[in-house]
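Dear colleague,

Please find below the structure that I am handing over to you. My notes on the ligand site and on the backbone follow it.

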Amino acid sequence: MSYETRNFINNEFIPGIPGKSFPIFNPYTESKICNIHEAQQEDVNIAVHAAENALSSWSTRNANERAAPLFKLAQLIRQNAEELAILDSICMGKPLELLKRMDIPACAGIFEYYAGCANHILGETSLGMKSFMNLTVRQPYGVVGLIIPWNVPMIMFAFKVAPALITGNTVILKPSEKAPLSSLKMASLIIEAGFPPGVVNIVNGDGPTTGSAIALHPKIRKISFTGSVATGRKIMRMAADSNLKNVSLELGGKSPAIIFEDADIVAAARYTHFSINHNSGQHCQANSRVLVHRKVEDAYMEELKRLASQVKLGDPMDKQTFQGPQVDGPQVKQIIDLIDHGKQDGTLVMGGEKHPGTVTNHHNRKGHFVRPTILLNVSRSSPAYQQEIFGPVVIVNTFDSEEAAIEEANGTEFGLFASVYTKDLERAIRVSHAIHSGAVGVNCSVPLRAVDMPIGGWKQSGIGRELSLHGLNMYTELKTIFLKYGSDETAMASNWHTE
Ligand code: NAD
């Protein structure tokens with residue numbers, strides 16, 4: 001398979017400065033895939049210039065004309081599903097089957113949804129002032145910077161690029177330096193879909209070099225970022241230190257699942273197990289904390305352990321594999337360090353260590369695997385309890401009352417997602433209301449997404465909402481227009497009166 005490795009500017013693939021490149025690795029085989037051209041400040045400047053040049057004709061197109069290449073791109077994503085899935089799988093280790101079943105159709109669906117929203121970028125009108133008709137209009141920011149993580153690369157690409165384009169912006173996207181290949185394949189599909197040059201530009205590189213060139217750029221008016229809380233803070237600082245660009249952030253999570261004594265325990269175990277172990281636990285909304293009523297703790301734990309012990313780790317290309325490797329060695333170290341805290345501050349029930357891997361190379365086994373891990377009764381002050389682990393690690397704590405469960409569920413700085421398992425509808429509504437998070441699943445856990453429903457975080461899980469019509473607002477400035485139509489006397493009197 002050949003890979004595109006250059007930056008994509010003005011619908012052309014542009015090599016970086018000679019010598020400025022970085023390697024990417026397959027987390028299953030630990031072998032190098034290829035070198036990627038790294039965009040420096042000057043490359044980002046050229047990309048921004050191209051995006052500025054494309055802005056006027058793109059943003060003033062009829063809505064339907066803007067929608068057409070998005071619809072076409074969705075079609076091309078489906079036609080190239082296999083290749084796109086392989087490119088993500090070799091970079092970040094998600095099993096190919098899951099990518100083909102979940103990520104690629106989701107990506108195509110998001111482009112279709114936002115193409116269909118082209119005529120729904122609407123303002124409001126008011127006749128509240130005599131002799132005036134007042135209205136609001138939504139207009140694009142201009143050139144927007146989009147920075148995405150490695151854990152679901154194609155979904156993140158669509159989350160940001162589709163609404164940014166349909167609202168008339170032109171974009172500079174930086175994929176994660178760990179998983180850039182699918183975004184670069186998307187670049188060739190963008191040409192094929194008929195987007196004019198400069199509307200979409202893709203630059204490769206790490207955070208300090210390329211990401212910060214975007215976040216600090218004086219001509220970029222909006223930045224939409226998905227990634228860790230630590231980087232989110234840096235992005236806000238850089239926006240403040242440069243041109244006060246508008247910032248939206250989708251950050252980490254420590255999502256609780258509360259399982260009441262009347263819940264279907266087998267179903268709750270199945271959902272929460274899938275939530276934390278699929279994609280090797282590298283899912284921002286995964287139920288990494290389970291709060292289970294003391295009366296059903298034993299039944300839940302028995303089922304959870306049974307499911308975790310059946311997980312098939314291995315080659316992401318193998319159809320039977322449920323859990324692939326973690327994305328890289330540093331990620332494994334971070335997970336194991338936090339598990340060690342969990343062991344000290346609670347009880348290890350299962351897993352808790354690296355898996356030796358399944359590829360044999362010169363008598364060494366390869367692959368960045370961590371065994372599915374269950375920790376019980378971890379103290380709430382533990383780093384394992386408070387920090388995002390981003391691995392196949394679940395903490396199970398018990399509770400005795402609804403109030404205690406809610407209080408504990410809200411007891412971290414995150415607020416991305418939560419689940420409530422109960423057959424009591426009133427309790428489900430009461431608890432959903434009391435939880436501090438951007439979304440709540442009743443008798444279900446993530447992965448769970450609807451294109452027409454917003455997703456985003458409370459507290460340190462983020463700022464803003466993606467997907468749905470709310471997602472459109474993230475990419476538009478709001479303008480008020482006062483339209484005077486009466487005599488000057490009436491208009492002035494009306495204006496003074498309302499002051
Ligand atoms: P990360 O913060 O390390 O990197 C994310 C992106 O930011 C990458 O493209 C990276 O190159 C870039 N970056 C890093 N430092 C930067 C800097 N100084 N300036 C500008 N850009 C910089 O996160 P990650 O490890 O790639 O992704 C995992 C994180 O993403 C987890 O915390 C996860 O919860 C979060 N995430 C959140 C959502 C959501 O919707 N809330 C979705 C997916 C992932």
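In this predicted model, an N or O atom in the side chain of Glu-177 lies 2.6 Å from an oxygen atom of the ligand, a polar contact being a pair of N or O atoms within 3.5 Å. Thr-231 places a polar side-chain atom 2.7 Å from a ligand oxygen, and for the side chain of Trp-150 the distance from an N or O atom to an oxygen atom of the ligand is 2.9 Å. On its own the ligand has 840 Å² of accessible area, of which the protein covers 91% (Shrake-Rupley method, 1.4 Å probe).

The model is predicted, with pLDDT of at least 70 required for local features and 80 or more for side-chain atom pairs, while totals for chains, interfaces and linings use all residues. Residues are numbered from 1 along each chain as its sequence is written, and side-chain values use heavy atoms, without hydrogens and water.

The shell around the ligand holds 29 residues, and those that come nearest are Glu-177, Ser-228, Thr-231, Leu-251 and Glu-388 (a residue is near if one of its heavy atoms lies within 4 Å). By type, the shell comprises 13 nonpolar, ten polar and six charged residues, with Gly counted as polar and Asp, Glu, Lys and Arg as charged.

Helix H7 (207-215), strand E10 (222-226) and helix H8 (229-241) each contribute at least two shell residues; H8 gives the largest share, four residues. Helices (H or I, at least four residues) and strands (E, at least two) are DSSP runs numbered from the N terminus. Domain 1 (7-251 + 461-480) and domain 2 (256-442) each provide at least three residues of the shell, the bounds being taken from an automatic or database domain assignment.

Two points concern the backbone. The peptide bond between Val-446 and Pro-447 is cis, with omega about 5°, and Pro-447 belongs to the loop between strand E22 (440-442) and strand E23 (462-463). Asn-377, although not a glycine, has a positive phi of about 50°; this residue is in the loop between strand E19 (373-376) and helix H12 (383-386).

With kind regards

Notes
Polar contact = N/O pair within 3.5 Å; in protein donor to acceptor, adjacent residues only side chain to side chain.
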